[in-house]
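Hello,

Here is the structure I said I would pass on. My notes on it follow below.

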Amino acid sequence: MKTSQSAILTRRAALAAGAGLGAFALMPTARATPETMAAAVKTFTGGKPIADGRVKLEISLLVENGNSVPLSVTVDSPMTRQDHVKRIGIFNEKNPLPEVLTFHLTPRSGRAQVASRMRLNDTQFITAIAEMSDGSFWSGKAEVIVTMPACVEE
Amino acid sequence: MTRALINIPQKAKRGEVIEIKTMLSHPMETGFRPSSDGRLVPRDIIEKFVCTYNGEVVFSADLYPAVSANPFLSFNMVAEQSGTIVFAWTDNHGKTQVQTAAIQVE
């Protein structure tokens, strides 16, 4: 994964490589991901590789109040008995717990589209990972800027 | 019993994909929040949601403290035959609340 590569990049090396790697270093995926989220994702996937794509995570870019933030996930899948989405996991980097929600779908779901509302403790990336019936994993992510986090009020 | 809202079409054509929206009145107390005396408010969250259609589980969800108070869930389902749809929310103390809805499939 790109994140582990970036983690070992020192500032000096990053600066030295700046010209060539600048675009790469600025990519959102180069941001350090807290280990707890990586561990939670690993538990979800069983350590299998995750491909980018097929998963569309929709969430507001700018959120005033982190207590209730609508999010929806759509996965590109025909949802037939042979080829369907089994699970969709939502993960975050900066809440107290990395897990948010796991949806369990079946061919009877008809359409791989789910929605809920979540709490956000800080500006961060939210990741959605889908497990297909063939055992492959796909992911999509979105950044959210939070001006008033959840967990601050009494 | 707390209040549960369920939004589901009363009638559907056979094979049609219908959208179901559910919301349960629940604090979703995270267990991370200190009260005014400095102690943590004990966790009280819905951990599991299961939707059953004529006895078959069509959708379920595992909820964590990051889900907002009054947990809202929206999902889809293929309408195959008239019958009963059962919604069950279970909290971290093992208490389950059940709500049912009928659907007419033509």
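**Strand pairing and the chain contact**

β2(A) and strand β4 (residues 69-75) of chain A run antiparallel and are joined by five bridges. Two strands pair here if DSSP finds at least two bridges between them; helices (H or I, at least four residues) and strands (E, at least two) are DSSP runs, numbered from the N terminus. Within this pair, Ile59(A) stands opposite Leu71(A) in β4(A).

This is a predicted model, in which local features need pLDDT of at least 70 and side-chain atom pairs count only at pLDDT 80 or more, while totals for chains, interfaces and linings use all residues. Residues are numbered from 1 along each chain as its sequence is written, and chains are lettered from A and ligands numbered from 1 in the order in which they are written.

The pair belongs to an open sheet of six strands, in the order β2(A)-β4(A)-β7(A)-β6(B)-β3(B)-β1(B), with antiparallel pairing. Its edge strands, each pairing on one side only, are β2 (55-59) of chain A and β1 (4-7) of chain B.

A further link between the chains is strand β6 (residues 99-105) of chain A, which runs antiparallel to β5(B) and is joined to it by five bridges. Thr102(A) there stands opposite Asp62(B).

In total, 27 residues of chain A are in contact with 24 residues of chain B (contact: C-beta atoms, placed from the backbone, within 7 Å). On the chain B side, β5 (56-63) and β6 (72-78) each supply at least two residues.

**Helix α4 of chain A**

Helix α4 (residues 35-45) of chain A has Met37(A), Ala40(A), Val41(A) and Phe44(A) as its buried residues. A residue is buried if 20 or more other C-beta atoms lie within 10 Å of its own, exposed if 12 or fewer, and partly exposed in between, with C-beta atoms placed from the backbone. Seen down the axis of α4(A), the buried residues fall within an arc of 100°, so they line one face of the helix; the arc is that of the directions from the helix axis to the C-beta atoms. Their cover includes β5 (85-92), β6 and β8 (124-132) of chain A. Glu35(A), Ala39(A), Lys42(A) and Thr43(A), on the other side, are exposed. Gly46(A), with a positive phi near 70°, follows the helix.

**A loop in chain B**

Pro34(B) sits in the loop between β3 (17-24) and β4 (46-53) of chain B. Pro34(B) counts as exposed because it has 11 C-beta neighbours inside 10 Å. Its C-alpha atom is separated by 44 Å from that of Val17(B), 17 residues apart along the chain.

Regards

How values were computed
Two residues are in contact if their C-beta atoms, placed from the backbone, lie within 7 Å.
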